[in-house]
Amino acid sequence: MPQTLDAEALKKQAEAIESLAAEGALVAGDVSEGDTTSTFVRVHADALGKNAQTVVAVLASDQAKPAPGLSQAVGRAHALARSVRADLAELEDLPSSEAAASLRGRLERKADAAKRLAESL
Amino acid sequence: MKRIFEVALGILAAIGGFVDIGDIVFNTAAGATFGYGLLWVVVLGVGGIITYSEMCGRVAAVSKQPVFDAVRERLGLGTGLVALVAAQIVNLMTLAAEVGGIALVLQLLSGLPYRALILLGVLALAVVIWVLPFGWIERVFGYVGLCLLVFAVAAIKLHPDWGEVAKGFVPHVSTESPLVYGYFAVGLLGAAMTPYEVYFYSSGAVEEGWTPKDLGINKANAIIGYGLGGFLSFALMITAGALFLPLGIEPELLGTVALGAEIPLGQIGLILALVGTLFAVGGAAIDTCFSGAYNLAQFLGWEWGKYRGGAGAPRFTITWLVLLALGFCIVMTGIDPIMLTEYSVIFSVVALPFTYIPILLTANDKSHMGRYANGRVANTLGIFYLLVILAVSLSAIPLMLLTNMGQG
């Protein structure tokens, strides 16, 4: 049974996406600079990815019924969450320094996008 | 020189006992949510644990009476039983959370499967408790737990706004989200004054054979040891406030806490943070395990004490083994240790008065304590903190429900 997702609930999900993306960007930054351990990156990125999956599930169309006027915002949040989850999966696979630097940039941009979305609600 | 050495060891033990998974989680989450705005609550909590640890250490040194002897004597059998059940439930929740925390840190270090590491962690704890003498348990976990000082270096390297940090030590209330702020304030007080700390502290004083001659050591241990524990709490909160808050990061994982040391200090910061957390949480697991066994044995009048060995105190030994097994079973259900920690801290706040009222009454009883009974300063502080404890114990559950565990 889909749950109605109001602006407050959507804002919390957007903030969760921002948090996961920003933290992923920090980890990716350390990978690119060789300032971490591969075990930590693998385990922590996996845990962050599971949290991202939870957000994706909450925002999925069969789970969330957007309150009036929020359909587009929910769709944007869902797409962002899926994209962050995919980036975290890439991070878990221990990318090269160059790939990690690029991943960091992507995750930072997604954190900014999630922040803007949260602020617009 | 021997005295100085004893104080130093006591200080290390106090650090190991003070900073557990509850402190690590709550201080980091508070810093990431309110920046430095809750530093004053840590000061308040550290003052409370110093006040009551000094009292219960003094009672143990003078009368050889640990906390749950006092609870039964002062509260009577009926209310004492309620206190015992409440204390044991909170203890078990805390123990399970610490065991889960050990497995999480081991996983971040080794990459091995979480459930296998729960089993490994519990077996390692059982062996350590069985084999090592009491003093060595304190020293090993206290010394290595000092690796957590890496967060103090991390906090400095992150260049926080020290003016804002200083403002955080001035008591105030957030007007932005007062309920969430209140929830974190209650949680920080609960984490600082967790009852198992005084159960362990007073029983440990009896285990180590303290006499009135050791009252100076008791005072130094309580003030400097818990003061240093509070210093580590400041470091965690400042690190989170400087690093996570500006980026909108909501720390929900132990790995996030370690990241606070990795970002400014690199790989060495990460390793020190993880090893320090492992030993602080491991030390706390042993403290809670013993505390549960101490409480039951003292309440029922059994022989107790690690120094007596398994054969000298069989029911005490069986109790800590059973508690360890129960903690293992709880974590193996798959419950999130971080969430369990938050529940255990909030429920421990509710149980605080049952622990601290009997300590205050006993330490203030001149017929019991003679010339070592509370003076004016100890009584004033004791009553002040009792009022604080009563206020937070009444507000803990409502705040938890109203804020959805601090989520707003």
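Start your tour by selecting B:Lys64, which sits in the loop between helix H3 (39-63) and H4 of chain B; helices here are DSSP runs of H or I with at least four residues, numbered from the N terminus, and strands are runs of E with at least two. This is a predicted model, in which local features need pLDDT of at least 70 and side-chain atom pairs count only at pLDDT 80 or more, while totals for chains, interfaces and linings use all residues. To find your way, note that residues are numbered from 1 along each chain as its sequence is written, and that chains are lettered from A and ligands numbered from 1 in the order in which they are written.

Stay on B:Lys64 for a moment. It is not a glycine, yet its phi is positive, at about 60 degrees. Is B:Lys64 buried, exposed or partly exposed? It is partly exposed, because 13 other C-beta atoms lie within 10 Å. The cut-offs are 20 or more other C-beta atoms within 10 Å for buried, 12 or fewer for exposed, and partly exposed in between, with C-beta atoms placed from the backbone.

Now jump to chain A and select A:Leu94. You will find it in the loop between helix H3 (71-92) and helix H4 (97-120) of chain A. A:Leu94 is not a glycine either, and has a positive phi of about 55 degrees. A:Leu94 counts as partly exposed because it has 14 C-beta neighbours inside 10 Å.

Next, look at where the two chains meet. The contact takes 21 residues from chain A and 19 residues from chain B; two residues are in contact if their C-beta atoms, placed from the backbone, lie within 7 Å. On the side of chain B that touches chain A, helix H4 (67-110) and H12 of chain B each supply at least two residues. The largest share of that side, eight residues, comes from H12(B).

Then turn to the largest nonpolar core, which has 185 residues. Such a core is a set of buried Ala, Val, Leu, Ile, Met, Phe, Trp, Tyr and Cys residues joined through C-beta atoms within 7 Å. Which members touch the most others? They are A:Ile17, B:Leu188 and B:Ile359.

Select B:Ile359 and look beyond its neighbours within four places in sequence: its contacts include B:Tyr52, B:Met55 and B:Val198.

For the last stop, pick B:Leu361 in helix H15 (residues 337-363) of chain B. B:Leu361 counts as partly exposed because it has 16 C-beta neighbours inside 10 Å.
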